[in-house]
Amino acid sequence: MGVDKITGEMQDITAKISAHYVDNARNLPWRVPPKISASGALPNPYHIWLSEVMLQQTTVAAVVAYFQKFTKRWPTVKHMATADEADVLAAWAGLGYYARARNLHKCARHVTEMLDGVFPSQEAELLKLPGVGTYTAAAIAAIAFGERAVVVDANIERLVARLFAIDTPLPKGKADIRVGMDGLTPAVGAGDFAQACMDIGASICTAKSPKCDKCPVQIHCAAFANGDQERYPVKPPKKAKPLRKGRFFWIERDEKLLLVTRPPTGMLGSMRALPDDQWAAGTDGHGRPPSEGNWRVHENVVQHSFTHFSLEVDLAVYQSDKIAINMGDNKNTEFGPGISDAVWWPIQEIEDAGLPTLFAKAVRWAVKHKLKESL
Ligand code: SF4
């Protein structure tokens, strides 16, 4: 089936979703509640931009605390523009997909330096900003500026695919889903309408066991009529993810741990981390430690899933008060090309290091297994 509902029914669906939002909107710190937005009030574009970048591939539940932390520390885009990239990356630690944090900082600088701290309101202009793609530009234009833009996130994708029983598998089916959402999006209030659809997708039209008895548009839903709601959106057959092996190096001296700053390009770029053996998405690590020494290897202590591959991590440990590692000139030597800023970090304060989740998992493993006593 495709997007073939007649205009009158489309308007009916739009009206029911909008009405449902008035009493059921999620209370989120970046939003203007619908009873206030009805008078024309719009949210702060900085807040919408920040929340939308954070929400890419991350749940609302995980984002709220980060949003509050970021807006407290950097209340405006100009404040963020003056921050060090390393501080933004450290504050982002745990949210994953770190390219977003680097682009966030780059975008804050661009908006501050080139646009005097004012976000553009047009979708096409927003699309030119660093890290702002099709979805984010449409969401900011609609929600923060009241533009009529067609917003399609994963929740909306699922809701619309089910309403119209769109059976073209993703990603090809995205075009039909967009046509469906375009047909539903009102000329006025596109931002609230998009947020209303997101809320229904997140809390009623869920991926598993949708609560169709609570759905305001059940009567219009083709998937419900067919009884095959969970079939949509139709996904392409899953490809097996390649498995990569990598090794982290726990180098400890005087209760301090050696941390490095990763190269600016590539995975987890510019993040503070344990030294590793240069594993990557397309290749296993070489496994060789960065120096001679009494290394102990703990195998497969962390399993981590990236979008396109899975990683199994060994932890190689070297603890000594006489570690002979050249700290003065480590570029292209012990830690691999591009690594810089090696520091001895107190293990007691490791939570403050802002390590990405993958490395934080290895550190937690070491602490849990009382690494020190075991050696
Ligand atoms: Fe989703 Fe069920 Fe509503 Fe259809 S009736 S849109 S499947 S919640």
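Colleague: Among contacts between residues at least 6 apart in sequence, what share joins residues at least 24 apart?

Modeller: The share is 68% for this protein. Keep in mind that the model is predicted.

Colleague: Noted. How many helices and strands does the protein have?

Modeller: There are 15 helices and six strands.

Colleague: And what box do the C-alpha atoms fill?

Modeller: Roughly 80 × 50 × 30 Å, taken along the principal axes. The protein has 375 residues, and 48% of them count as buried.

Colleague: On to pockets. What is the volume of the largest pocket?

Modeller: About 1300 Å³. Its lining takes in 41 residues.

Colleague: Which of those lie nearest the centre of the largest pocket?

Modeller: Asp 153, Ala 154, Asn 155, Glu 157 and Lys 174.

Colleague: Which helix gives the most to the lining?

Modeller: H10 does, with five residues. H3, H9 (134-145), H10, H11 and H12 each supply at least two.

Colleague: Stay with H10, then. How many of its residues are buried?

Modeller: Nine of its ten, so by the 20% relative accessible area cut-off the helix is mostly covered. H10 spans residues 154-163. The buried set runs Asn 155, Ile 156, Glu 157, Arg 158, Leu 159, Val 160, Ala 161, Arg 162 and Leu 163.

Colleague: What caps the N-terminal end of H10?

Modeller: Asp 153. One of its side-chain oxygens lies 3.1 Å from the backbone nitrogen of Asn 155. Asp 153 and Asn 155 are also among the residues nearest the centre of the largest pocket.

Colleague: Switching to rings. How many aromatic pairs does the structure hold?

Modeller: Eleven. One of them is Tyr 46 with Trp 49. That pair is tilted, at 5.9 Å centre to centre with 35° between the planes.

Colleague: Where do Tyr 46 and Trp 49 lie?

Modeller: Both lie in H3, residues 45-55. They are three residues apart, about one turn of the helix. Residues three or four places apart point the same way, because an α-helix has 3.6 residues a turn.

Colleague: Are Tyr 46 and Trp 49 buried or exposed?

Modeller: Tyr 46 and Trp 49 are both buried. Together with Phe 119 they form one aromatic cluster.

Colleague: And why is the pair of Phe 70 and Trp 92 edge-to-face?

Modeller: Because the planes of the two rings are at 80°, and the cut-off for edge-to-face is over 60 degrees. The ring centres are 6.0 Å apart.

Colleague: Which parts does that pair tie together?

Modeller: Phe 70 sits in H4 (residues 60-73) and Trp 92 in H6 (residues 85-92), so the pair ties together parts 22 residues apart in sequence. Phe 70 is buried, with a relative accessible area of 0%. Trp 92 is buried as well, with a relative accessible area of 0%.

Colleague: Is Cys 205 buried or exposed?

Modeller: Cys 205 counts as buried, because its relative accessibility is 9% and the cut-off is under 20%. Cys 221 also counts as buried, at 13%.

Note on methods. Residues numbered from 1 in each chain as written. Predicted model: local features only at pLDDT ≥ 70, side-chain atom pairs only at ≥ 80, totals over all residues. Heavy atoms only, no water. Buried < 20%, exposed > 50% of the residue type's maximum accessible area, 1.4 Å probe, protein only. Helix = DSSP H or I, 4+ residues; strand = E, 2+ residues; numbered from the N terminus. Polar contact = N/O pair within 3.5 Å; in protein donor to acceptor, adjacent residues only side chain to side chain. Phe/Tyr/Trp six-rings, centres within 6.5 Å; stacked < 30°, edge-to-face > 60°. 1 Å grid on protein atoms, 1.4 Å probe; cavity = no way out; pocket = protein on both sides within 12 Å on 5 of 7 lines; lining within 4 Å. Points joined across faces, edges and corners; volume = space filled by probe spheres on them. Contact = heavy atoms within 4.5 Å.
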